[in-house]
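Student: Please show me how to read a few features of a protein model, one at a time.

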Amino acid sequence: MNKFIALLLATVLVACANHQQEKPSPNPVSSQPSQAQSAGQSASRQETKSLPFEGEQVRMPSRMPPAGMAKIAPQQWMPVPAQGQDRERYQSTPSNPVQLVAQNPVSTFSIDVDTGSYSNVRRLLNEGRLPPVDAVRVEELINYFPYDYALPTGRDPFAVHTELAPAPWNKGNVLLRVGIKGQDVAKANLPPANLIFLVDVSGSMSSKDKLPLLKSSLKLLINELRAQDKVTLVTYAGQTEVMLPPTQGDNKAALLNAIDRLQAGGSTAGASGIQLAYQMAQQSFIKGGINRILLATDGDFNVGVTDFGQLKQMVEEKRKSGVSLSTLGFGTGNYNERLMEQLADAGDGAYSYIDNLMEGHKVLVNEMTSSLATIAKDVKIQVEFNPATVKEYRLIGYENRLLKREDFNNDKVDAGDIGAGHTVTALYELTLADGKGLVDALRYQARKEGQGSSKELAFVKLRYKQPGQGASQLMSFPVERSAIRTLHQTSTEFRFAAAVAGFGQILRGGQYTGSWGYDDARRLAADSVGRDRFGYRGEFLRLIDLAKAQSTPVAR
């Protein structure tokens, strides 16, 4: 019996020993290494390598531990992105220089109705940081605000108004304002709309300031649609999909349900989404109606066609179909503002940046008619300055809208469109012939005396096309020197636009504003708020305060 018990104990001990030897390690080594092991083996061959995001490096130990030693973690530096890492992209736009009238008397540019730069600057200031210089397009800051210009009374679809006064930041110079007011159209009288909501549902859109805000903003527009309007919902991530076929605007339940079902995930095949959106727009095209794609995204395309030039060329080609493309920008961190602004320009649309639901309401509800209905296409402005009365001039803003002189009469050259009720403002700073300019006279060149009338400062011309027409029409009129008033004699609209222009120039470095600063801009704006129906101008005053608080005081 004792021998039997001893034999049984020996058998149990041997079995336990064998089991201990066969027990797998916490990280078994398989014949097909995992992705983590492959990464580790790669890191052992190369200590440092770049990550997919810019500026970050991975530091790994030169020797990896054996698989069975995985529980003993050696010192290592893992790829953790920097907090608040900024990969936002903006187009480089140096400020327009001073031009000598004797050498370059003609200025030509396309109008611009985009407003995205203002709301993006507001977002940056509210985040506690000054915007990059290239994020500030002064004309978009000015044109963010509606101005109380008189409506057109003749056959032209818009009226043009000019006003002159000393420049607030340089009393020796004159500020010339060219203001455009488009004819208004009531929402009920808009043509039927064929709208394509092209929505980015990639993984980068998951944060609350992107897809959730986008969905809430589109719902505001849906509530404004009529039975004669149609909406198609196209999404793109790793692949494209028609989430909702053309649906009547009064079928609110179907439209809102489709918006609610949007979820973020996957990569970003933006080019494929644009192509599908144009296909769907053609299928439901309304002759004589509004045919527009609303592209809502952060602009971070990373699958398929991602080259900026190719994307822009594709949209330029597609606009020939009669379908326009507007862009709605969302989000921070990886925002591609350059792509959003340029795609809208190429697509005969407008660029807006939605940083909160109030901005979504402004763009898609308050300004619905101007955002959707076009009353004049390819609008160009050309100003010829009189060398007998003007020595120098400088166009404030519109740096990426400049055209060649010959482009003005060339109807093949694309330019900006004006929507129903839109206001557009352009400002020139002038140095008169008897004033002190910034550019010295040349020593060895004969000075040319001006031959023009001493009564006129400039001659303004505009060209535009009626929607659906290929030939442009011309408007023109002189700007008289006698129209110059003191700054306080001008309209509140002139003074407020001047304050915004000064503020924008200060944000860009204040190259031409001298000692005129934030306090001066705020004082001028506060004295010319005027009729502020939606509170936009009151908010502007607070943005000036934020910018001043975040700026480095200038030593005196």
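Student: Is Asp112 buried or exposed?

Tutor: The word "buried" stands for under 20% relative accessible area, "exposed" for over 50%, and "partly exposed" for what lies in between (1.4 Å probe, protein chains only). Asp112 has a relative accessible area of 0%, so this residue is buried. Residues are numbered from 1 along each chain as its sequence is written, and side-chain values use heavy atoms, leaving out hydrogens and water.

Student: Which side chain meets Asp112 in a salt bridge?

Tutor: Side chains of opposite charge can pair when their charged atoms come close. A salt bridge needs a side-chain nitrogen of Lys or Arg within 4 Å of a carboxyl oxygen of Asp or Glu. Here the partner of Asp112 is Arg401, at 3.0 Å from N to O. The two are 289 residues apart, with Asp112 in the loop between β4 and α3 and Arg401 in the loop between β14 and β15. Helices (H or I, at least four residues) and strands (E, at least two) are DSSP runs numbered from the N terminus. Arg401 counts as buried because its relative accessibility is 9%.

Student: How many salt bridges does the structure hold?

Tutor: There are 30. One of them joins Glu539 and Arg122, at 3.1 Å from N to O. Glu539 is in helix α14 and Arg122 in helix α3, so this pair ties together parts 417 residues apart in sequence.

Student: At what angle do α5 and α10 pack?

Tutor: Two packed helices are described by the angle between their axes and the distance between the axes. Axes are lines fitted to C-alpha atoms, for helices over the stretch in contact, and angles run from 0 to 180 degrees between N-to-C directions. For α5 (residues 211–222) and α10 (residues 357–366), the angle is about 35 degrees and the axes are 9 Å apart.

Student: Where should I not read the coordinates in detail?

Tutor: Where pLDDT is low, the predicted coordinates should not be read in detail. The protein has a mean pLDDT of 86, and 82% of its residues reach 70 or more. Residues 12–17 have a pLDDT below 50, and this stretch makes zero contacts (heavy atoms within 4.5 Å) beyond near neighbours in sequence. Residues 19–84 also have a pLDDT below 50, with 46 contacts beyond near neighbours in sequence.

Note on methods
Predicted model: local features only at pLDDT ≥ 70, side-chain atom pairs only at ≥ 80, totals over all residues. pLDDT = per-residue confidence, 0-100.
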